[in-house]
Amino acid sequence: MSTHDTPHADSGVNYLNASKGLGNWLLTLDHKRIGLMYLWSVMFFLLVGGAFALLIRLQLAFPGHGFLPQDASGKDMYNEFFTLHGVIMVFLVIIPGIPAALGNFFLPLQLGAKDVAFPKLNLISFYLYWVGAIMAIVAIIGSNFGWWGRLDTGWTFYTSYSIVTSGPVILAVSAAFILGFSSIFTGLNFVATIHKMRCPGMGWYRMPLFLWAVYATAIIQVLATPVLGITLLMLIMEKLDIIHVFNPDKGGDPILFQHFFWFYSHPAVYIMILPGMGVISEIISAQSKKVIFGYKAIANSSIAIAVISFVVWGHHMFMSGQTTYAGAVFSFLTFAVAIPTAIKVCNWVATLYQGSISLDTPMLYALSFLFLFTIGGLTGIPLATLSTDIVFHDTYYVVAHFHYVMFGGTIIAFFAGLHYWWPKMFGRMYNEFVAKCCCLAIFVGFNLCFFTQFFLGFAGFPRRYYSYSVDHELGEVWRSMSGFSSIGAMILGVGVLVSFVNLIVAIYTGRKASDNPWGGTTLEWTAPTPPPTLNFDHDVSIDRDPYIYGKNTGHH
Amino acid sequence: MATEKQITKIGNDFFKTRFVAHHFATADQEFDACKFGMWMFLLTEIMLFGGLFVAWVVYRLWYPETFKHCAQLMDWKLGLVNTCILILSSLTMSLAIRAVKMSDKKTAVKMMLATVLCGAGFLIVKYFEYSHKFHLGIFPGANFSFDGEHYSNAHHFFSLYFVMTGTHVLHVIIGMTAILWCSYRAARGHFYKDYYTPVELTGMYWHLVELIWIFLFPMFYLIK
Amino acid sequence: MNDTSPLTPAPQEQATLLQAPQASEHAPQIDIVLDVINWVSLVSLILITAAMLYFVFKYRRKSENDETPHISHNLTLEVIWSVIPMVFLFGLFFFGYKTYAEINEPPANVHGVVDIYVTGRKWNWDFVYPQGGKVNSRGSLRNEKNANLEKIADLAAFKASGKDKDFTPGDSIRLSGKKDFTLGKNGEWVPADAAASAKLDDPKNSDLWVYAQSTDPKSNYFVVPVNTPVRLHIKSEDVLHSFAIPSMRVKRDAIPGNQFRSTWFTPVKEGTYLYTCNEMCGTDHSYMIGYMKVVSQAEFQKFLKDINVVDPLVAGKDCYKNKCSSCHSLEEGKKSVGPSLFNFYGSKHKTSAGEVVGDDAYLIESIKNPGAKIAEGFPPVMPPIAVSDEEMIYLKEFLKTVK
């Protein structure tokens with residue numbers, strides 16, 4: 001590990017200890033404290049959602065019935081597991097994960113601003129997040145007390161099953177609606193902040209790439225999430241028998257819901273992955289001590305992805321009797337969105353060329369990201385291709401592809417970001433050895449868990465099955481690969497848990513970190529560690545590009 | 001954060017001096033950021049209503065005959081009255097903002113109250129329209145039934161009508177509340193030529209609410 | 001523990017890690033696209049990973065004071081790695097689209113094509129053959145327990161087998177020779193009443209189905225002839241389902257509403273193949289599976305005879321008489337309350353929504369949702385009519401003959 005600056009003269013006052021007491025934290029307008037509260041919430045829900053995932057893998061470890069009761073109650077419980085895994089991971093972990101936690105903390109710091117544009121709105125977003133979270137928790141608890149059936153629709157709430165199920169769909173959908181508004185307000189805040197609060201000298205092309213990624217994300221959040229809002233509102237009214245837009249018995253169309261839903265939810269997967277790409281751009285540059293290769297290409301490809309993401313939603317409905325022509329258009333557009341992504345990957349690899357590459361934990365995560373995300377991207381191709389989607393639609397291949405992008409991409413980037421910025425956030429270094437072991441466990445466990453699911457997909461294993469028989473031509477693959485997948489899931493779970501413990505222990509016992517342990521050149525590293533409430537102890541302005549490693553420019 | 005109270009005197013009126021929030025460099029930056037944020041919010045509102053508009057388009061394409069027939073049951077005169085009321089209210093709101101910019105406290109408050117009155121007028125007309133529909137047995141959803149020629153998909157037209165105009169009415173009520181709050185603060189002397197951000201933002205919101213009605217009116221009343 | 005069926009004969013060809021058996025004519029066509037994609041992907045992945053690892057190894061940090069060159073960008077390189085993926089991606093798109101266009105649309109009028117109407121409901125599939133006759137998926141997976149029950153002669157033998165422990169009060173069973181019993185509240189098996197027996201007979205009762213025995217295990221399979229195009233017309237009665245036969249590379253969502261959505265395939269290898277439900281549909285989603293048998297043409301004809309219980313034309317005419325005839329005549333041009341159904345299929349009908357060609361979708365829509373398109377010159381007075389999907393298929397067959 002390198003130390004470019006002498007440890008900051010410890011004035012003793014920072015955002016963590018500026019004011020004490022629970023009230024001061026809960027009513028804080030400081031973006032760093034709000035970001036931190038988001039962070040704890042996201043980490044908590046990651047463990048909860050992960051626990052559900054482990055229960056799913058436990059159930060499917062062997063053919064026939066797993067550990068759940070062998071009757072309707074057991075099956076419904078299983079259906080609840082994967083629904084809650086999906087709802088929690090999507091709405092409470094991945095979407096707010098990087099933007100609301102790390103983004104909140106580092107967006108103003110990287111901009112050289114004192115705070116986001118609307119601090120009160122920021123706090124409101126956080127509380128909306130918890131209102132939504134509590135509604136989701138009530139939905140879980142309620143079904144165990146028998147107040148209502150189990151939430152068993154899957155996180156997509158597809159009609160017309162969601163209309164007829166006895167589960168607390170209205171409650172869960174309202175939760176998603178409220179979480180949507182939390183997401184909208186965060187996005188709105190970030191867009192306004194980036195537009196209006198860049199420090200003097202910071203032109204658009206002098207912004208760190210993390211900010212470009214967050215900016216593209218925020219645009220999608222602002223434009224797409226309201227459509228989800230109105231869709232979920234219509235679903236609620238459908239359940240209350242006020243309208244019959246999605247009800248086929250009353251002249252409605254259940255597929256219309258899918259169009260509405262994916263008009264949001266496909267852009268939403270870019271809400272999930274774009275910030276991760278931003279984190280990786282930061283880390284690869286800093287850990288190679290090298291200027292990022294193709295800055296403008298990476299920045300603009302984020303925007304290109306955001307724009308194209310709005311017109312690819314129909315690829316979720318290739319098997320719903322969509323016409324060949326419509327299918328062809330959506331397939332083509334989906335292929336088009338792959339191009340900016342491919343460009344990004346090439347740029348990252350090119351940045352490594354002739355660098356000075358350290359293998360600290362953040363970099364290990366970033367390199368894992370490159371490998372896993374590339375697999376995730378490439379395995380999307382057969383799903384975007386019309387003819388091969390027949391084989392894979394609604395099988396475990398989709399599950400594997402999705403997890404390679406969402407876990408192998410977003411969550412790995414989240415871990416990379418945590419390990420990269422943890423010293424700045426808390427002024428303490430974590431145990432590097434434990435962190436590296438966890439990174440290895442996560443890498444191995446993840447691949448074992450999800451690469452096997454590609455094979456399950458080739459053998460047609462359908463999604464959301466409570467149990468499976470093996471007495472057919474596909475059975476041997478189903479048996480062996482499900483088993484390996486479950487083993488991988490357990491390793492992965494341990495890796496995640498231990499790395500969280502390692503990080504949290506570091507806050508109390510870690511050795512003091514310097515202001516700039518990685519030698520980064522973006523603005524957050526010029527702030528004291530941990531930063532004071534107003535972020536900088538001096539007026540900030542810049543007259544340079546964000547990444548200024550290399551012979552010609554020298555260090556600041 | 002500046003909390004110290006200071007008084008500004010403009011003409012014969014006194015105003016509470018407004019300080020720039022701690023994280024902004026200048027008052028202009030603060031105003032720009034707030035206005036920009038409001039524009040983004042209006043975009044989300046447009047996307048929100050956009051979903052409903054798409055649903056309307058889809059169902060009109062599927063059941064054109066039913067929609068034509070049902071539109072004849074709507075009273076376009078009442079719709080026109082409401083359209084005029086809302087356009088008038090947009091004018092009064094603009095005048096209120098103009099007055100605030102000129103630090104004219106009295107006119108500002110009057111114009112804002114006039115806007116709220118227009119909003120109330122809109123709601124009253126809407127009340128009569130709704131209760132007339134209910135009287136005919138046209139309810140949203142399950143209880144839908146009415147005498148007359150039977151179109152089995154008429155409920156789609158009317159449930160979309162109730163949901164879309166209902167969502168719009170909700171926005172009108174929120175807008176009126178915001179304007180009332182602004183007029184209260186204006187009367188207390190909070191807004192003057194150097195600080196009128198909340199009035200400006202509320203005005204933008206009100207214009208959008210009016211604009212949405214401009215689309216709803218032909219969709220349900222005029223297109224036959 | 002296992003819910004597996006001993007009735008399934010040993011499958012002919014097992015899936016490998018990268019391929020389910022290629023049992024339909026178009027399976028190799030799809031798999032070639034897939035192979036090409038996989039090879040392109042694999043090569044790209046290896047290139048990227050190899051470059052990454054090589055750089056990491058070669059340029060690993062030697063000291064804290066390493067100097068790195070300032071390479072901000074390189075237009076030539078960037079154009080190269082934008083254009084090459086673009087060419088590959090759009091090539092793959094076109095390849096995939098072309099194959100899909102060839103295999104997606106069912107053939108219009110191929111001689112000898114077999115039509116099967118597949119209706120999903122929670123949680124079983126109906127396979128209706130327009131020749132008259134129906135198979136239901138239910139037993140085909142779960143008749144291990146049932147088959148054994150059917151073989152058990154009496155209650156004593158049943159209790160001795162220890163299987164009675166699986167049941168809870170209220171459950172009904174059927175032992176050999178249609179002897180039906182119900183488990184009482186005190187754990188005593190009592191002869192089933194008429195209602196319980198009727199429930200065991202009624203295939204719609206999916207809860208009880210677990211224990212009910214179909215009369216003939218053969219009828220649990222749905223059967224198609226080898227080397228003959230098979231058109232599946234897929235629909236749902238309640239919520240979304242999705243019908244898939246992995247070894248045939250066939251999948252189509254089953255959607256409630258007015259339309260059967262069609263797909264097709266030509267099986268080329270005799271054998272038994274798994275089919276599944278791929279869209280989450282509730283409690284027993286994972287049990288909406290069963291087997292399809294591909295048999296010789298002669299065996300298929302025998303199968304049709306075995307399951308044949310109705311003459312489709314007679315059943316269709318009955319349906320017409322009971323549910324349509326009071327308002328619609330069958331004579332050419334004769335106006336009753338509604339238009340005549342003479343020559344309904346294939347001819348053009350003027351409606352409020354423009355000109356419509358008489359086909360399955362228009363017929364079903366007119367019955368279930370009469371207000372959607374109103375025949376010109378007639379008042380919109382028709383109420384929705386309750387016609388089951390099975391009746392609908394026979395009605396269609398019947399109306400096709402009225403010209």
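Let's start inside chain C of this predicted model, where helix 8 (residues 312-323) of chain C packs against helix 10 (residues 389-401) of chain C at an angle of about 100°, their axes 7 Å apart. Two packed helices are described by the angle between their axes and the distance between the axes. With angles of 65 to 115 degrees counting as roughly perpendicular, helix 8 of chain C and helix 10 of chain C are therefore roughly perpendicular to each other. On the helix 8 side, the residues that make the contact are C:Pro312, C:Leu313, C:Ala315, C:Gly316, C:Lys317, C:Cys319 and C:Tyr320. Helix 10 of chain C answers with C:Glu391, C:Tyr394, C:Leu395, C:Glu397, C:Phe398 and C:Thr401. Sorted by class, this contact of helix 8 with helix 10 of chain C holds eight nonpolar, two polar and three charged residues.

Now let's turn to the strands of chain C. Five of them form an open sheet with the order 7-13-12-9-10 and mixed pairing. At its edges sit strand 7 (222-225) and strand 10 of chain C, each of which pairs on one side only. From one strand to the next, the twist averages 25°. Look next at the end of the sheet where strand 9 and strand 10 of chain C pair: their sense is antiparallel, over five bridges.

The contact between the two chains takes 88 residues from chain C and 91 residues from chain A. Which elements of chain C give two or more residues to the side that touches chain A? They are helix 1 (27-58), helix 2 (75-104), strand 9 (241-245), strand 10 (250-254) and strand 12 (271-277) of chain C. Helix 2 of chain C provides the largest share of that side, 17 residues. By class, the side of chain C that touches chain A divides into 45 nonpolar, 27 polar and 16 charged residues.

A:Val399 has its place in helix 14 (residues 396-426) of chain A. Is A:Val399 buried or exposed? Buried is the answer, because 20 other C-beta atoms lie within 10 Å of A:Val399. Leaving aside residues up to four places away in sequence, A:Val399 touches A:Gln453 and A:Arg463. For a sense of scale, A:Val399 and A:Ala328 are 71 residues apart in sequence and 23 Å apart in space, C-alpha to C-alpha.

Chain B also meets chain A. That contact takes 28 residues from chain B and 30 residues from chain A. Helix 1 (27-62) and helix 5 (154-187) of chain B each supply at least two residues of the side that touches chain A, and the largest share, 16 residues, comes from helix 1 of chain B. The residues on this side of chain B divide into 14 nonpolar, 13 polar and one charged.

Taken by itself, chain B has six helices and two strands, which follow the pattern β-β-α-α-α-α-α-α along the sequence. Its C-alpha atoms fill a box of roughly 70 × 30 × 25 Å along the principal axes. Of the 224 residues of chain B, 39% count as buried. Among its contacts between residues at least 6 apart in sequence, 74% join residues at least 24 apart.

Finally, a word on confidence. The predictor gives the complex an ipTM of 0.91 and a pTM of 0.88. Chain B has a mean pLDDT of 88, with 92% of its residues reaching 70 or more. Within chain B, confidence is lowest in strand 1 (residues 7-10), at a mean of 79, and highest in helix 3 (residues 76-101), at 95. Chain C averages a pLDDT of 81, and 85% of its residues score at least 70. Two stretches of chain C call for care: pLDDT stays under 50 over residues 139-147 and under 50 over residues 203-219. Where pLDDT is low, the predicted coordinates should not be read in detail.

Terms used
Residues are numbered from 1 along each chain as its sequence is written. Chains are lettered from A and ligands numbered from 1 in the order in which they are written. This is a predicted model: local features need pLDDT of at least 70, side-chain atom pairs count only at pLDDT 80 or more; totals for chains, interfaces and linings use all residues. Two residues are in contact if their C-beta atoms, placed from the backbone, lie within 7 Å. Helices (H or I, at least four residues) and strands (E, at least two) are DSSP runs, numbered from the N terminus. Ala, Val, Leu, Ile, Met, Phe, Trp, Tyr, Cys and Pro count as nonpolar, Asp, Glu, Lys and Arg as charged, and the others, Gly among them, as polar. Axes are lines fitted to C-alpha atoms, for helices over the stretch in contact, and angles run from 0 to 180 degrees between N-to-C directions. Angles under 35 degrees count as roughly parallel, over 145 as roughly antiparallel, 65 to 115 as roughly perpendicular and the rest as oblique. pLDDT is the predictor's confidence in each residue, from 0 to 100. A residue is buried if 20 or more other C-beta atoms lie within 10 Å of its own, exposed if 12 or fewer, and partly exposed in between; C-beta atoms are placed from the backbone. Two strands pair if DSSP finds at least two bridges between them.
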